[in-house]
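This briefing concerns a single protein chain, whose sequence and structure are shown below. It is intended to be read with the model open.

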Amino acid sequence: MKILKSIYENEVEVKEISVLKSLFIIIMFTLIPGIINFLYVFLIIIGYILIREAILFDVLSQFEGPISEDDIDFFIDNAETIEVVIFGFLMYFQTLITAPIFEELLFRGIILNGLLNKYKNSSKKAIIYSAMVFGLVHLNIPQGINAFIGGIILGFIYCYTKSMKLSIFAHFINNLITFVPVPESLIFKFIYIMIGTYVIMKGIKYIRNTKLINISKAS
């Protein structure tokens with residue numbers, strides 16, 4: 001009897017550990033890959049922002065954007081008035097919440113998906129065409145160029161991951177990080193470009209490998 005009781009207790013103990021391990025494995029395999037996906041998408045956008053500030057800032061600053069210098073001076077002079085505070089909050093909300101969600105649903109979820117179905121053998125063509133439309137609707141040169149390049153990156157992320165969440169997250173990060181020190185010297189510009197290129201390539205490599213893994217599992 002003592003031997004049988006010992007075996008029974010051991011079996012119960014083993015089952016209890018296996019359940020805990022199973023829960024741990026489920027959590028690891030569901031949450032961590034998702035977090036890693038968001039991390040690599042974050043790195044891609046950071047890399048683009050660094051390269052944009054190093055190369056495109058001087059070029060785009062030559063053109064007038066949607067907000068003129070007179071408008072900026074007006075907002076600064078009247079920063080404490082309730083109207084400007086409310087307007088600033090609405091602009092902030094629109095930039096960080098409304099734009100990432102609705103623009104991604106429209107330009108990646110509808111337009112890019114439609115182009116991908118049309119150009120089934122050329123996803124690059126679909127991404128570029130959707131990015132061109134995305135750039136044109138911004139109706140000014142600085143935002144148009146920035147949106148076109150950003151649209152290519154967002155299109156790539158959506159095309160390879162088929163995740164609207166990642167696309168919206170990437171758009172959100174791009175709109176959130178607006179105050180990056182602009183490098184003045186060629187050395188710092190070179191550093192920005194090198195770091196930006198490196199993290200973009202790492203992110204692209206991960207996303208492409210993830211897609212290949214998912215395809216192999218599906219087959």
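The points below are grouped by topic, from the overall fold to individual residues.

The structure is a predicted model. The protein contains seven helices and zero strands, and its elements follow the order α-α-α-α-α-α-α from the N terminus on. Of its 219 residues, 29% count as buried.

**Overall organisation**

- Among contacts between residues at least 6 apart in sequence, 73% join residues at least 24 apart.

**Nonpolar cores**

- The largest nonpolar core comprises 22 residues, and those with the most contacts inside it are Val41, Ile45, Ile153, Ile157, Ala170 and Ile207.
- Two or more residues of this core are given by each of helix H1 (2–60), helix H5 (141–161), helix H6 (164–176) and helix H7 (186–218).
- H1 provides the largest share of the core, with seven residues.
- Ala170 is in contact with Val41, Ile45, Leu154 and Ile157, leaving aside its neighbours within four places in sequence.
- A second, separate core has eight residues, including Leu115, Leu116, Ala126 and Tyr158.

**Packing of H4 against H5**

- Two packed helices are described by the angle between their axes and the distance between the axes.
- The axes of helix H4 (residues 123–136) and H5 come within 8 Å and cross at roughly 145 degrees.
- The crossing of H4 and H5 is right-handed.
- From H4, the residues that meet H5 are Ser123, Ile127, Ile128, Ala131, Met132, Phe134 and Gly135.
- From H5, the residues that meet H4 are Gly144, Ala147, Phe148, Gly151, Ile152, Leu154, Gly155, Phe156 and Cys159.
- Sorted by class, the contact of H4 with H5 has eleven nonpolar residues, five polar residues and no charged residues.

**Helix H6**

- The 13 residues of H6 should span 18 Å at 1.5 Å a residue, and this agrees with the 18 Å between its end C-alpha atoms.
- The buried residues in H6 are Met164, Leu166, Ser167, Ala170, His171, Ile173, Asn174 and Asn175.

- Tyr48 lies in helix H1 and counts as buried because its relative accessibility is 6%, under the 20% limit.
- Leaving aside neighbours within four places in sequence, Tyr48 is in contact with Asn146, Ile149, Gly150, Ile153, Asn174 and Ile200.
- Gly150, one of these contacts of Tyr48, lies in helix H5.
- At 11% relative accessibility, Gly150 counts as buried.
- Gly150 and Phe134 are 16 residues apart along the chain, and their C-alpha atoms are separated by 9.0 Å.

- Ser130 is placed in helix H4 and is buried, with a relative accessible area of 0%.
- Not counting residues up to four places away in sequence, Ser130 touches Phe107, Ile111, Leu112 and Leu115.
- The C-alpha atoms of Ser130 and Leu115, 15 residues apart along the chain, are separated by 7.5 Å.
- Leu115 also belongs to the second core of eight residues.
- Ile101 is found in helix H3 (residues 82–118) and is partly exposed, because its relative accessible area of 33% falls between the 20% and 50% limits.
- Ile101 and Lys165 are 64 residues apart along the chain, with 9.0 Å between their C-alpha atoms.

**Loop residues with positive phi**

- Leu139 is found in the loop between H4 and H5, and its phi is near 60 degrees, a positive value in a residue other than glycine.
- Leu139 is exposed, with a relative accessible area of 76%.
- Lys162 is placed in the loop between H5 and H6 and has a positive phi of about 55 degrees, although it is not a glycine.

Conventions. Residues numbered from 1 in each chain as written. Predicted model: local features only at pLDDT ≥ 70, side-chain atom pairs only at ≥ 80, totals over all residues. Heavy atoms only, no water. Core = buried A, V, L, I, M, F, W, Y, C linked by side-chain atoms within 4.5 Å. Buried < 20%, exposed > 50% of the residue type's maximum accessible area, 1.4 Å probe, protein only. Helix = DSSP H or I, 4+ residues; strand = E, 2+ residues; numbered from the N terminus. Contact = heavy atoms within 4.5 Å. Axes fitted to C-alpha atoms, helices over the stretch in contact; angles between N-to-C directions. Left-handed = near helix turned anticlockwise from the far one by under 90°. Nonpolar A, V, L, I, M, F, W, Y, C, P; charged D, E, K, R; others polar. Expected span 1.5 Å × (residues − 1).
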